[in-house]
Amino acid sequence: MQARSYPLGVHPSLSGDGSANVAVYAPGIDELELVYQRPGGTWRRHRLKGHNHGIHYGTVPPPLHGDGEVERAEMLDVDVCPAMPEGTRYGFVPFSTTAKRTPDPSREQILLDPYGRGLTRVSPPPTVMNPGPDAYGGKYVSQVVAQNYHWENPGRPSIPWRDTIIYEAHAKGLTMLHPDLPEEVRGTYAGLAHPVILKYLQDLGITAIELLPVHAHLDEPHLTKNGLSNYWGYNTLSFFTPHFGYATRAAQDAGPTAVLNEFKHAVDALHGAGIQVFLDVVYNHTAEGGSEEPAYSWRGLGDRQYYRHDTHGNYVDVTGCGNSVNFADPQVVRMALDSLRYWVTECHIDGFRFDLAPELGRDENHHFTRNHPFFVAVAADPVLQGIRMISEPWDVGAGGWQTGRFPTGWADWNDTYRDTVRNFWLSGQRTMARGGGGGNAARLAGVISGSADMFAPDGRTTLASVNFVTAHDGFTMYDLTAYDGKHNQANLENNADGTNDNHSWNHGEEGVSDNVARRTARAKTVRNMMATLLVSQGVPMITAGDELLRSQGGNNNAYCQDNRISWVDWKLTPWRRSMLKTTRQLIAIRKTFLASQPSHFPARPEDVLLYWYGPDGHAMTPELWQTDGSRVVQVVLGSCGGELAGTFVINGSNDPVIVTLPGVEDLSTPATCAAGYPVTRGSYELVLATDFELDERAGAEFSGGDECRVPAQSIAMFSLA
């Protein structure tokens, strides 16, 4: 039973004698004890006598034959053993020679295992009336789980990054209101795996679902006090444990292994449907909050090592959440890497989106560097090869905005893209409604072209840009068209939370409107933003429900609204049905266009062809690009060695415009096109228009030089037929 300081966590000893090896990084404690309870047994203490560079470790012997707990060894492939079998609850306390009793974890919080695979609340907060399942102040223990899930689809969907279409969704909110799901699986991992949801996602055409945090999390104190909960889940209590509350009641009753297996089944089913699974992960801070709040795990094990401090011993908070995890400590970097590897190897996850990612790249002086050891380790790790790494490239510390500056191999959420698209279709319209020019299309053209000015300087291509107009944080796409200001009163923070910089426009009336013309204009603006998103170079991300005109009633910070404000509403009114149809068409058009291009498109910028024309069919001039109010452009897309396969016309003005389609014979290829001339064709076919009346003419054919009337504030899309 030779003890080892690795791997961290609880695992069977290599001796094969049924003992368990326990190791934990606890540099803030001189001597450490394991407190554990086998299923059906009593709580026990066991001193971890090994100590090496802050890691405490030891072995727990198997129970004696006939003691009534466990009598035979389990298979090692489920990662449990008789000494600490599946269901064993445990945690840690400092060793004391004066302690005369074993702690009662339901009364006093023992320190959780940072590597614990399971988590159980053993008592709710005692001073809270009707506490929710994640209410702040409850007592928790780590729990041993078995890795015994049998994968039906052990392989992963192989989807090129350039073909990826991300669908950001909440594990609970996506399915909670779906009328065709059995009630017992609504709002659960099992709901994600239901054939109704799988078919919907397949029919929509997305290729990857990005789940808001599914790591076990805890509510903040002020939310529990106000009777609210942390719906989004950005308050991690365990980096290795799926959140209990998203499992079915049956799985919750069966325990952490059943919860883990239900989550794995959801991933398995999504993979079977050809859909990748990305996780939104929060390694930048923990649920332990500010220094004045009690310890659950890391703070008690080693506060100075796990969290950032200044030279005076005060917390350095670059997250705005009370603490910042210290990625200047090698063992903290190791913990994050081990967590990523766990979700990849055991749960078959395909990618990660990192919340407040600059925090992970800050050095011992709290400065961001794209060569941080964490980024280097991710790039070099063989387990993480081919796994998608996506940054939210900002935090709230000094130098916190890092869009475009993450390492090669990463993709960044492109907030410049978000704001530019909103400014063109929303702020610009508002300005014109008040008599202004509304700006021009130059910046919009830049982000449609892939934001090369942001990514090219560091050798990254347009595929480093994750384009989005909305995300979980902020207005929904419909609310951008219906609200000038935020309406966050339900959050009980006096409407002071959430950003005031929304780049939105209510089209002349705040909130719900009965005016048919206004509702039509709003719906068209939503379609314009969705169309822009899906024709732009880069990787698009759609927020769940935007394809259904989902509204949050103007709440732009619904992090604490675990109710109908946040859940996807599946009622298909005529307006919503039309938007869903348009989104499906746009995704299909994007896929058809990419299929006509070489496999390397658009990773080689020199082979990407973008021809920009004015409404008269002639090439855009510098004067037109710079003129206020010049908001009508045409663009032809293609590549060297591929096809000039698509044309779309953007009319961002308040008047219908007669545009002259570019002559096909004039679409010459630059001499630098080493891969060969693109295939051109002799006519255009209208495939989609965001204006209802023009869209009724879909299928109409035009020749180069023909005129087409494009309605105000709309997009018309043509294929080269």
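1. A pocket, on a 1 Å grid over the protein atoms alone, is an open set of points with protein on both sides within 12 Å along at least five of seven lines, whereas a cavity is a set of points where a 1.4 Å probe fits but cannot get out; lining residues have an atom within 4 Å of a point. Grid points are joined across faces, edges and corners, and a volume is the space filled by probe spheres set on the points.

2. Please keep in mind that this is a predicted model, in which local features need pLDDT of at least 70 and side-chain atom pairs count only at pLDDT 80 or more, while totals for chains, interfaces and linings use all residues. Residues are numbered from 1 along each chain as its sequence is written, and side-chain values use heavy atoms, with hydrogens and water left out.

3. The chain contains 16 helices and 25 strands, where helices (H or I, at least four residues) and strands (E, at least two) are DSSP runs numbered from the N terminus. Its radius of gyration is 28 Å, close to the 27 Å that the globule rule gives for 721 residues, so the chain is as compact as a globular protein of that length; the radius is taken over C-alpha atoms, and the rule is 2.2 Å times the number of residues to the power 0.38. Along the principal axes, the C-alpha atoms fill a box of roughly 90 × 55 × 55 Å.

4. Of the 721 residues in the chain, 61% are buried, a word that here means under 20% relative accessible area with a 1.4 Å probe and protein chains only. Among the contacts (heavy atoms within 4.5 Å) with a separation of 6 or more, 70% are made by residues 24 or more positions apart.

5. The largest pocket holds about 1,000 Å³ of space, and 45 residues line this pocket, with Trp232, Thr319, Leu356, Asp473 and Asn557 closest to its centre. Helix 3 (221-225) and helix 9 (415-433) each supply at least two lining residues, and helix 9 gives the most, with four. By class, the lining has twelve nonpolar, 17 polar and 16 charged residues; Ala, Val, Leu, Ile, Met, Phe, Trp, Tyr, Cys and Pro count as nonpolar, Asp, Glu, Lys and Arg as charged, and the others, Gly among them, as polar.

6. The second largest pocket has a volume of about 890 Å³, and of the 42 residues that line this pocket, Gly132, Pro133, Asp134, His243 and Gly245 lie nearest its centre. Two or more lining residues come from each of strand 8 (118-123) and helix 4 (249-254), with the largest share, three residues, from strand 8. The classes in this lining are 16 nonpolar, 17 polar and nine charged.

Terms used: Buried means under 20% relative accessible area, exposed over 50%, partly exposed in between (1.4 Å probe, protein chains only).
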